[in-house]
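Work through the exercises below with the structure open. Try each task before reading its solution.

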Amino acid sequence: MSVIQEHINGVSPPAAAGGTEPPARRKRLRRDDVVKFMFIVPAAIYVVLFFGYPVVKNIVMGFQDYTTQTFFTGEAPWVGLTNYVTAMSSQLFVPALWNTAVFTFGSIAGQFAIGLALAVFFHRKFPLSNFLRAILLLPWLLPLIVASATWRSIMDLDGGVLNRALGAVGLDAIPWLTNPDYALLAVILVNIWVGIPFNVTILYGGLQEIPEEQYEAAALDGATGWKAFWHITLPNLKGVISVVLVLGVVYTLKVIDIILGLTNGGPANATQTIAIRSYQSSFVDFEFGVGAAFSNVLILISLVFALVYLRTTRRPAN
Amino acid sequence: MKKTHASSTRRRLLSAAATAAVVPLALTACGGGSTASDGGEVETLTVLDYYNNEPEKTLWQDALEACGTEVGVTIERETMPGADLIQKVLQRASSNTLPDVLMLDNPDVQEIAQTGGLTPLSQYGVDTSGFADGILEAASYEGEVYGLGPVVNTLGLFYNVEMLDEAGIEPPKTWEELKAAAAQLTEGDRYGVGFSAVATYEGAWQFLPFMWTNGADETDLTSPEAAEALKLWVDLVESGSASESVLNWSQADVKDQFVAGNLAMMVNGPWQIPALEESDVEYASVQVPVNEEGATPVAPLGGEVWTVPNTGDEAKQAKAAEFVECISNDENQMAIATATYKVPTRTDLIDDYVAEVPSMEAFAEQVRNARSRTGQLGTDWPETATDIYTGIQLALTGQAEPEEAFEQAGQG
């Protein structure tokens, strides 16, 4: 937006000239402004319709008694903060908040560490490296509901491939999805798998941007391997890394399909997150107001990270 | 001079381009008017249901078309996955595009009826006598019947005939026999019994026959009777006769395990029979075991009913009611029940039906005493169902004793 604004200001003639100008010229200038305005309109309409409206609607819904009836009658009485009280006083609120934090940070840590390692690995050229990198994108291409159904059978207690494999090397079967102590870990592991392609792709792109000369110069000074990674790769990737991490957090906070597909929030609510609470309040209990309250909490958390993102990506002003 | 001319042409082109970009948005905003007919002859009825899998889809298509011909309309049918139906109904309600005939799962009828989105069938003089009480109860809201269905289903206990014969075990009739048989049938990779205790309504639904038969009631989950029923499930899992995986198995998963030979017995419904028929497993079914000998098994009633949404078009609504009546007539009931392994909703047809499909005897018997899920709690049922499956999960994972599990779940 600010770029467009700047552009308009830059091209427009000085405002002070307006009074002294001949009428014909002034008219043409106004038409100029209209044309410029028309270019913003499609984007503005899009933003208002698909971003502004849902967010405002969601915030409003949080203060309403919004039920199945509302869809038929259009009536949704104002209830003040009742929905927030219901959401936050529920016994599941604090555990869900905690699970959301563990799920998000666990997922991000795993995705980023493995993603970075793979990106650095594929940065070296070797036979089939492009092909293998393409294969890595596979989890991204698979519909999440398919991926979670597949992982559910892989992690099955008795017949799952994972436990069979553990058994083959003499380890005990792990109740991945049926024990409250393991379920959150299992869900995080699957989400890490889902997130790796995103991390690899963006970080690999960042690595390509680092000039080869820096490594050559460093090598002359004896900095290779880990030293080169710490002193050249990481500092150069700083911008890309902050983008990957912040976007990762925002994407992970709102994950529901993987959790619904794997555990449905169970066993015994062990994998309830704020996003799952929001979904279940709305579409299982039909309490859309409470669901909106939960998702507004989530939006607020996302907003904090979005602000961090905007700060890190903002170009320094002159 | 030339330069000015070129730039003004360019500007004109740009302004045309910008206009062109905005116009489609304005046009789409005007689209999508209503298509209600103003009285007169009704020629088509739109129908929405969730029988989206074969062979049910085609079977229902034939039945719907036959009834369409009978009442003199063409049918425009739309099918969708069961999980999306309610969302779709709400969405269409808010845009005034509800179908003329709507299929609903019976526990959802009251929720939708209370919104005023459905019309009572008495308004059209539809005769609802002769139907099983349970299904009428489920389809009623504030004393009015809103939907009729030709068939219902319920739960029973399936068993692998070969495995029971091998072990010399009779199919269990009581909880004690169930526990003993399950323990004896458990060996190697095979569990004695399987059921679904998943964290969805399916888990709650599977628990109901045990809870109800023991005299517990959904209006008070903290009763000792409910705890005893829960204790049975906990015992089965803790003793190893049932897998811990029941916590994450849907009913379809339970059926898959049974077909794979990993379960000797399972709690499941007759809608699984077509899949069982396709497998090599030799199976049979009995009623869900009861708490003590001689007790009456009380199972939940499942199945869908057909309703007439309030679309505002009275001529179409009247026609739709005629159509709904036709779907549930004697002839259709027998045809659909026989083809889909479900039980007719007219109690006077049950004997004829069992004579025709003897393998359904246990389920047909079970239906006579079956109860609807929403009969007592109405629109509060979803909340209680959530408490039931949460309580089950708390108890089976050892986070709460069976006596406290439902109370703990209720605080959620």
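## Exercise 1: Chain A in outline

The accessible surface of chain A comes to about 18,000 Å², and 68% of that area belongs to carbon and sulfur atoms. The model is predicted.

Task: Describe chain A by secondary structure, burial and contact range.

Solution. Start with secondary structure. Chain A has 15 helices and zero strands. Next, take burial. Of the 318 residues in chain A, 40% are buried. Last, take contact range. Consider contacts in chain A between residues at least 6 apart in sequence: 65% of them join residues at least 24 apart.

## Exercise 2: The interface

Task: State how much area chain B and chain A bury between them, then list what the rules find across the interface.

Solution. Begin with the general point. Interface size is often quoted as the accessible area lost when the parts come together. Here, chain B and chain A bury about 3,500 Å² between them. Carbon and sulfur atoms carry 58% of that buried area.

Then count residues. In chain B, 44 residues are in contact with 38 residues of chain A.

The rule finds two salt bridges across the interface. The side chains of A:Arg164 and B:Asp189 meet in a salt bridge, at 3.7 Å from N to O. The cut-off is 4 Å, so this pair qualifies. Eleven residue pairs are in polar contact across the interface.

Finish with the elements. Several helices of chain B each supply at least two residues of the side that touches chain A, including H1 (2-30), H10 (251-259) and H16 (381-396). H1(B) gives the most, with eight residues.

## Exercise 3: Burial and cores

Task: Which residues touch the most other members of the largest nonpolar core?

Solution. The largest nonpolar core has 140 residues. B:Met265, B:Trp306, B:Phe323 and B:Ile388 touch the most other members. A second, separate core has 21 residues, among them A:Phe103, A:Met155, A:Ile196 and A:Leu260.

Task: Which residues of H10(B) are buried?

Solution. The buried residues are B:Gln251, B:Asp253, B:Val254, B:Lys255, B:Gln257 and B:Phe258. Just after H10(B), B:Gly261 takes a positive phi of about 85 degrees.

## Exercise 4: Backbone exceptions

Solution. First, the background. Most residues other than glycine have a negative phi, and most peptide bonds are trans.

A:Asn264 is not a glycine, yet has a positive phi of about 60 degrees.

B:Asn96 is not a glycine either, and has a positive phi of about 55 degrees.

Task: What kind of peptide bond joins A:Gly266 and A:Pro267?

Solution. The bond is cis, with omega about -15 degrees. A:Pro267 is in the loop between helix H13 (257-262) and helix H14 (274-283) of chain A.

Definitions and conventions
Residues numbered from 1 in each chain as written. Chains lettered and ligands numbered in written order. Predicted model: local features only at pLDDT ≥ 70, side-chain atom pairs only at ≥ 80, totals over all residues. Heavy atoms only, no water. Core = buried A, V, L, I, M, F, W, Y, C linked by side-chain atoms within 4.5 Å. Buried < 20%, exposed > 50% of the residue type's maximum accessible area, 1.4 Å probe, protein only. Helix = DSSP H or I, 4+ residues; strand = E, 2+ residues; numbered from the N terminus. Contact = heavy atoms within 4.5 Å. Areas by Shrake-Rupley, 256 points an atom, 1.4 Å probe, with all protein chains shown as cover. Buried area = accessible area lost by both parts, 1.4 Å probe. Polar contact = N/O pair within 3.5 Å; in protein donor to acceptor, adjacent residues only side chain to side chain.
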